[in-house]
Amino acid sequence: MTEAFLNSIGHDSVAVLFHPSAVPVMDVFRSVGSLDEQYDLTLLDGPEEMLSAYLQPGSAKGIVSDALLLAFALTRQRGSAFHHRPLRSRHGSIEEYCLMVVIGAARQPGSEVAREAAAIVGVSPLPLDLVSALGGELARQIDLGAIVFPVPSLHEFRAVIGIEDAQIEAIVEAFDKPGRHFSL
């Protein structure tokens, strides 16, 4: 069902633009595919360095470590790699957006938006506790810095993904404070 849903909306049918501070976090997940080909942890130096602009170096190292553990756990459980955009790209895929929602929603374990996002990326509900634990630690590390990592409401999530008849007329990024503002 997950692949059928993703194929029905297409990987490029929705434009997701991440806040610049969230890109290094996503780059850790994007780097996991390269780690499969050549196990070279220096691939994670770039995201860690970029994260250091938003938080203390120790916290940046913690985020990279936690994100790497979560990426391996999700990829293993899912059985296939995620569809990722290139490193340093603010433009995200639907799967990357859902992954960010799963991580952000780990602050609210058991939330409906976390369950729907997890289902779309092919993470079964049973080990979602493990995902919530790893994601919760990652979200805690993210909250220590100035990384913009908001969790949409269920209605906002469904509108972005294209579920049901949910619609959003405009999404405007606020530059004066973290988060997104939706016109519904």
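Two residues are in contact, or touch, when they have heavy atoms within 4.5 Å of each other. Keep that in mind as you click through this predicted model.

**Stop 1: isoleucine 147**

Select isoleucine 147, which you will find in the loop between α7 and α8. Is this residue buried or exposed? Its relative accessible area is 9%, and buried means under 20%, so isoleucine 147 counts as buried. Now show what surrounds it. Leaving out residues up to four places away in sequence, isoleucine 147 touches Ser21, Ala22, Val25, Leu51, Tyr54, Leu55, Ile63 and Ile142. Pick serine 21 from that group and draw a distance between the two C-alpha atoms. Serine 21 and isoleucine 147 are 126 residues apart along the chain, yet their C-alpha atoms are separated by 5.0 Å.

**Stop 2: the nonpolar core**

Next, look at the largest nonpolar core, a set of 47 residues. Which residues have the most contacts inside it? They are Phe29 and Phe157. Colour the elements that give two or more residues to this core: α2 (23-37), α4 (57-78), α5 (94-105), α6 (112-120), α7 (128-143) and α8 (154-161). The biggest share comes from α5, with 9 residues. As background, nonpolar side chains in soluble globular proteins tend to be buried together.

Zoom in on phenylalanine 157. Setting aside its neighbours within four places in sequence, phenylalanine 157 is in contact with Tyr97, Cys98, Val101, Val113, Glu116, Ala117, Ile120 and Pro152.

**Stop 3: α6 beside α8**

On the α6 side, the contact is made by Glu112, Val113, Glu116, Ala117 and Ile120; on the α8 side, by Leu154, Phe157, Arg158 and Ile161. You have met Phe157 already, as one of the two residues with the most contacts inside the core.

**Stop 4: glutamate 96**

Finish in helix α5, where glutamate 96 lies. How buried is glutamate 96? Its relative accessible area is 0%. Show its surroundings, again without residues up to four places away in sequence: glutamate 96 touches Phe18, Met26, Arg30, His83, His84, Arg85 and His91. The backbone nitrogen of arginine 85 sits 3.1 Å from a polar atom of the glutamate 96 side chain.

Terms used. Residues are numbered from 1 along each chain as its sequence is written. This is a predicted model: local features need pLDDT of at least 70, side-chain atom pairs count only at pLDDT 80 or more; totals for chains, interfaces and linings use all residues. Side-chain values use heavy atoms; hydrogens and water are left out. A nonpolar core is a set of buried Ala, Val, Leu, Ile, Met, Phe, Trp, Tyr and Cys residues joined through side-chain atoms within 4.5 Å. Buried means under 20% relative accessible area, exposed over 50%, partly exposed in between (1.4 Å probe, protein chains only). Helices (H or I, at least four residues) and strands (E, at least two) are DSSP runs, numbered from the N terminus. A polar contact is a pair of N or O atoms within 3.5 Å; within protein, one must be able to donate a hydrogen and the other to accept it, and residues adjacent in sequence count only if both atoms are side-chain atoms.
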